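Visitor: I would like to go through some of the labels used for this model and the cut-offs behind them.

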Amino acid sequence: MFRISPTSVGRIINETCIAIWTILLAKEYISYPKSEDEWKAIANEFEKKWNFSNCIGAIDGKHIVMQAPLRSGSFYFNYKKSHSIVLMDICNANYEFTLIDIGDTGRNSDGGVFKNSKIGIALESNLLHIPEPKKPNGSNVKLPYVLIGDEAFPL
């Protein structure tokens, strides 16, 4: 349509995405919670807005439909009978992204994507500085901070 080869269009899109991502990171428009206080602020917002104590985010995965790469076989083929990559995200109480991981193959379930994602590895390795368990209002029992998600995610 624009008299540019598909290869050139692919390169332009790739270079543009890299440039946008680099600028957003450099100017700190994209950030993640780096301290216990930031996680506690997210939990306080969940409690105030949704009446859910000790919640530091809602997690889910979204399949992004795409054309299968050459010679990929069923690697990207998902349960919806299309080819996709997965966007795994955690959002705060205001539906804003706090953590994202993009690029796992569509054939994996949300639980499998989470386990192998940088988010899952960081949580398991305690690299995200999640606060220690605390007593929710009206309780005598200390409970850990949690993510809420559907049945695809392990407890």
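Visitor: Why does Glu38 count as partly exposed?

Guide: Buried means under 20% relative accessible area, exposed over 50%, and partly exposed in between (1.4 Å probe, protein chains only). Glu38 has 36% relative accessibility, so the residue counts as partly exposed. This is a predicted model, in which local features need pLDDT of at least 70 and side-chain atom pairs count only at pLDDT 80 or more, while totals for chains, interfaces and linings use all residues. Residues are numbered from 1 along each chain as its sequence is written, and side-chain values use heavy atoms, with hydrogens and water left out.

Visitor: Where is Glu38 found, and which residues form the negative surface patch?

Guide: Glu38 is found in helix H2 (residues 36-50); helices are DSSP runs of H or I with at least four residues, and strands are runs of E with at least two. The negative patch is formed by Glu36, Asp37, Glu38 and Glu132. Patch residues have over 30% relative accessible area and no salt bridge, with like charges joined within 9 Å and nonpolar side chains within 5 Å. A salt bridge is a side-chain nitrogen of Lys or Arg within 4 Å of a carboxyl oxygen of Asp or Glu.

Visitor: What makes Phe97 exposed?

Guide: The relative accessible area of Phe97 is 53%, so Phe97 is exposed. Phe97 lies in strand E3.

Visitor: Which residues form the nonpolar patch on the surface?

Guide: They are Trp21, Leu25, Tyr29, Ile30, Phe97, Ile100 and Ile102, with about 720 Å² of accessible area together. H1 and strand E3 (97-105) each give two or more residues to this patch, and E3 gives the largest share, 3 residues.

Definitions and conventions:
Accessible areas come from the Shrake-Rupley method with a 1.4 Å probe; for residues, only the protein chains shown count as cover. Lys and Arg count as positive and Asp and Glu as negative; His and the chain ends are not counted. The place of a charge is taken as NZ of Lys, CZ of Arg, CG of Asp or CD of Glu.
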